[in-house]
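Please look at the sequence and the model on the screen.

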Amino acid sequence: MAGRFAPRPTRTTVRGGHVAVPAGVPRQAPAPGRVRTWVPDGPLDLGLVLGPLRRGSGDPTFRALPDGSVWRTCRTPAGPGTLRVMAYGGEVRGEAWGPGAEWLLERLPGLLGADDDPSAFVPRHRLVALARHRRPGLRLTRTGLVLESLIPSVLEQKVTTDEAYRAWRLLVRKFGEPAPGPAPGPMYVMPEPRTWALIPSWEWHRAGVDNKRASTILRAVRVAARLEQAVGMPAEAARARLEVVPGIGPWTSAETVQRSHGAPDAVTVGDLHLPGIVGWALAGDRDADDSVMLELLEPYAGQRHRAARLILLSGKAPPRREPKMRKWDIGRF
């Protein structure tokens, strides 16, 4: 059969994930996107609300442009989609492309914090009250998608942030698909569960992901449908379902539901830095552990995640007294 058919370029045979376009065939202009406008019932800061969804400055699924617009790609239940969000004059305009466009626009208010209730938060410390006053546009996002927050959270286990962001960037660019619509620059949609399951072991290694984290992701994508169903559960029940998967513990489940559910009380425990930052900000204790942090946050029961975010936004952190955690690139071995 060799030579009878011309080879068809695919994502895996073209460097960078771009499908080659044969010479002489003009590239078609992207179809107009679907549009929805929404008026929030209070101040809204797009950067603060959507910022937790960004995994580093080179995240191929997220872009924040100088004109104030925010672009993100998602793998929705209806298929891949690209969303552009712009706020002006007290109104938010969302534009979406791809099979998942309708799904994204339908859930736009929830993504921007419409389901969040900032008025339920009562500051108990001067520092927290001041941070809230300076950041009135802070709302907790709710994506309605579990896997897109779970996988990068697993990649962040036990490594530096830079290492995790690099792994996410390399894997999405290599195994994801180009974003639909006129996305700025090379943006990609994260791979579907079956694609994650078929990534060869050496590609995980090249991305700097050890076998423990890779195995956790593989176990998770095998039950992806069950995990996505957790969106309809209360945050604590969703965390319990996630933690059934070996390798997913309280730290990872909290980081996931903070984004997928907009959970205001899902405080992150087991973090290397957060207890010391909270302890220093509220009690001058830079050596605070999880138990001390939870005790300090007890007055904010029901809103502990929001309190922790406001403390981080206050900028008050203990001075450094030791070098950063050493980076290891296992892909070089």
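**The sheet and its neighbours**

Strands β2 and β3 run antiparallel and are joined by 3 bridges. A word on terms: strands (E, at least two residues) and helices (H or I, at least four) are DSSP runs, numbered from the N terminus. Two strands pair if DSSP finds at least two bridges between them. Strands of a sheet pair through backbone hydrogen bonds, either parallel or antiparallel.

Before I go on, this is a predicted model, where local features need pLDDT of at least 70 and side-chain atom pairs count only at pLDDT 80 or more, while totals for chains, interfaces and linings use all residues. Residues are numbered from 1 along each chain as its sequence is written, and side-chain values use heavy atoms, with hydrogens and water left out.

In what order do the strands of the open sheet lie? The order is β1-β5-β4-β3-β2, which makes 5 strands with antiparallel pairing. At the edges are β1 (34-38) and β2 (62-64), each of which pairs on one side only. Direction ignored, neighbouring strands here are turned by 20° against each other on average; such angles are taken between axes, which are lines fitted to C-alpha atoms, for helices over the stretch in contact, and run from 0 to 180 degrees between N-to-C directions.

Now strand β4, residues 79-88. With β3 (residues 70-76), β4 pairs in the antiparallel sense over 7 bridges. A hairpin through 2 residues joins β3 to β4, and T76 has G79 of β4 as its bridge partner. β4 also pairs with β5 (residues 91-97), antiparallel, over 7 bridges. There, T82 has W97 of β5 as its bridge partner. The hairpin of β4 and β5 has 2 residues between the strands, and G89 in this hairpin takes a positive phi near 60°.

Why is β4 largely enclosed by the rest of the structure? Because 8 of its 10 residues are buried. Buried means under 20% relative accessible area, exposed over 50%, and partly exposed in between, with a 1.4 Å probe and protein chains only.

**The helices**

Helix α13, residues 274-283, is mostly covered, with 8 of its 10 residues buried. The buried residues of α13 are L274, P275, G276, I277, V278, G279, A281 and L282. Just after α13 comes G284, with a positive phi of about 70°.

The axes of α4 (residues 126-134) and α15 (residues 304-314) come within 9 Å and cross at roughly 80°. That makes α4 roughly perpendicular to α15; under 35 degrees counts as roughly parallel, over 145 as roughly antiparallel, 65 to 115 as roughly perpendicular, and the rest as oblique. On α4, the contact is made by L127, V128, A131 and R132, and on α15 by L310, I311 and S314. Contact means heavy atoms within 4.5 Å. These residues divide into 5 nonpolar, 1 polar and 1 charged, where Ala, Val, Leu, Ile, Met, Phe, Trp, Tyr, Cys and Pro count as nonpolar, Asp, Glu, Lys and Arg as charged, and the others, Gly among them, as polar.

**The whole chain**

The protein chain has 15 helices and 7 strands. Of its 333 residues, 47% are buried.
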